[in-house]
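Please read the numbered points with the sequence and the structure open.

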Amino acid sequence: MKPLKIAVAGLGTVGAGLVKLLSDNAGIIAARAGRPIVVTAISARDRNRDRGIVIGADVAWYDDAAQMAAKADADVIVEVIGGSEGIARQVVETAIARGLHVVTANKALLAHHGVALAQAAEAKGVALGFEAAVAGGIPIIKALKEGLAGNSLSRVTGILNGTCNYILTTMRETGRDFADVLAEAQALGYAEADPSFDIDGVDAAHKLSILTSLAFATPVDFASMYVEGIRHVSAVDIDFADKLGYRIKLLGIAQATDHGIEQRVHPCMVPVTTPIATVDGVFNAVVAEGDFVGRSIYEGRGAGAGPTASAVAADIIDIARGNRSPVFGVPVGALAAKGIAAMERRQGAYYMRLMVLDRPGVLADVAQALRAEGVSVEQMIQPGRAPGETVPMVMTLHDTVEADMNRAVARIAALDAVVEPPRLIRIEHM
Ligand SMILES: NC(=O)c1ccc[n+]([C@@H]2O[C@H](COP(=O)([O-])OP(=O)(O)OC[C@H]3O[C@@H](n4cnc5c(N)ncnc54)[C@H](OP(=O)(O)O)[C@@H]3O)[C@@H](O)[C@H]2O)c1
């Protein structure tokens, strides 16, 4: 059989990992793919950098990745440079226009240009694989596109960012505050020097926008996503969550409701008894719920050279085998917008922490504000007494519509005895 020829754009964590995987496992991959898979061309910025991999003398080097996409002797271009614009986009567009298959790990590119790229790939009859773009080593794209294809899906939920999960896990285990743990994560290489994409929820939102499209056959719609990161999660709230039987996780949630599709990324409290609550450290997890399959759960490493290269390799092997499926699970023409549900319509339980002056009548005032908006209390914790001083008052609230909850919070924030803006964390029962 003719080998499948691969050109790799980007030789960083993922690109170098892929070259190593394709070399170490060449035999078993050739057997599974039905033909050898060979790297014929590579591109990165610095030709002299030691990348800890062996690059054969017959592999063509390109300083310019776009040139490689346009000229290399290849069947597949692997784009593992990153970024939603610039060179990465150019590489992918050039390769597709040339009629080459593309495999990418680039969630930002897909979140912003997924539909247009899928359309171009479809028109050219080439594959656009992106298993590596969501949850690293978890084969969730294949699960949604193939394994669960017979189901009508109602909800997909995931821990989609390993950096955030590592920070939240470490905060809980050590009792330390966010800034301190973030600094340590940066020193250990678990968080970027500029961590905002991760900790502000943008990276998870990129991934969720892709999962939403696959789950509900809608066009990728990153722009209408509700996104809230973990900067404001405090050690105090993590401690109260523990006392109340919850863990705090940054979740991406896509779900079908009567008001349209909800797409949201924000910190959540999940009951400690649910499987996702104990997915800790850099691990990712995805829970998919379908009408016939019920709930299925996937867990694994969300990033790193090995898991990400493993996902890229799976897409390459599919191409070698001639396996094709529509880029987002249905032909682009069949992707149909189903309307986005406004965040104010979210219905669910809430955790609320107030910092209040410990004086008579405060609880009655808070209760009155909640009652006025039809919000009812499930549990309450008011630790200790310190007359005249500031104390936390913590409560969980029964299922409420977010708009009502927001109005109640505004009333509470306006009370004299409430000395800090109330902290609200949504509770997700799953
Ligand atoms: N790292 C992960 O665990 C992970 C997981 C899932 C998805 N991803 C995605 O995979 C992609 C790559 O991530 P990464 O972590 O491997 O990034 P990285 O380590 O920063 O590597 C990026 C590579 O791109 C090369 N590059 C940058 N600009 C270039 C240009 N103009 N022309 C040619 N090459 C260029 C760099 O070259 P030099 O080495 O010469 O500087 C480097 O080799 C991103 O889309 C990322 O979101 C990463």
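1. A residue is called buried when its relative accessible area is under 20%, exposed when it is over 50%, and partly exposed in between (1.4 Å probe, protein chains only). Val-375 has 6% relative accessibility and therefore counts as buried. Its place is in the loop between α13 (362-372) and β14 (377-381); helices (H or I, at least four residues) and strands (E, at least two) are DSSP runs, numbered from the N terminus.

2. The model is a predicted one, in which local features need pLDDT of at least 70 and side-chain atom pairs count only at pLDDT 80 or more, while totals for chains, interfaces and linings use all residues. Residues are numbered from 1 along each chain as its sequence is written, and side-chain values use heavy atoms, with hydrogens and water left out.

3. What surrounds Val-375? Leaving aside neighbours within four places in sequence, Val-375 is in contact (heavy atoms within 4.5 Å) with Leu-370, Leu-397, Thr-400, Asp-404, Met-405 and Ala-408. Gly-83, by contrast, is 292 residues from Val-375 in sequence and 43 Å from it in space, C-alpha to C-alpha.

4. Arg-32, in helix α2 (residues 26-33), has 51% relative accessibility and so counts as exposed. With neighbours within four places in sequence left aside, Arg-32 is in contact with Ile-317 and Arg-321. Arg-32 and Ile-317 are 285 residues apart along the chain, yet their C-alpha atoms are separated by 7.5 Å.

5. A nonpolar core is a set of buried Ala, Val, Leu, Ile, Met, Phe, Trp, Tyr and Cys residues joined through side-chain atoms within 4.5 Å. The largest such core has 84 residues, and Ile-140 and Ile-167 have the most contacts inside it. Helix α10 (residues 202-216) gives the most to this core, with 8 residues. A second, separate core has 33 residues, among them Val-19, Ile-42, Trp-61 and Ala-132. In soluble globular proteins, nonpolar side chains tend to be buried together.

6. Which residues does Ile-167 touch, leaving aside its neighbours within four places in sequence? They are Phe-178, Val-181, Leu-182, Ala-185, Ile-199 and Ile-230.

7. Helix α5 (residues 107-124) packs against α10 at an angle of about 55°, with their axes 8 Å apart. Axes are lines fitted to C-alpha atoms, for helices over the stretch in contact, and angles run from 0 to 180 degrees between N-to-C directions. Angles under 35 degrees count as roughly parallel, over 145 as roughly antiparallel, 65 to 115 as roughly perpendicular and the rest as oblique; α5 and α10 are therefore oblique to each other. Lys-107, Ala-108, Leu-110, Ala-111 and His-112 in α5 meet Asp-203, His-206, Lys-207, Ser-209 and Ile-210 in α10.

8. Helix α7 (residues 162-174) and helix α11 (residues 235-244) pack at an angle of about 75°, and their axes are 9 Å apart. This makes α7 roughly perpendicular to α11. Leu-168, Met-171 and Arg-172 of α7 make the contact with Ala-235, Ile-238 and Asp-242 of α11.

9. Most residues other than glycine have a negative phi. Ala-135, however, has a positive phi of about 60°; it lies in the loop between β6 (128-129) and α6 (140-147), and at 0% relative accessibility Ala-135 counts as buried. Ala-217 also has a positive phi, of about 55°. Ala-217 is found in the loop between α10 and β8 (226-227) and, at 18% relative accessibility, counts as buried.
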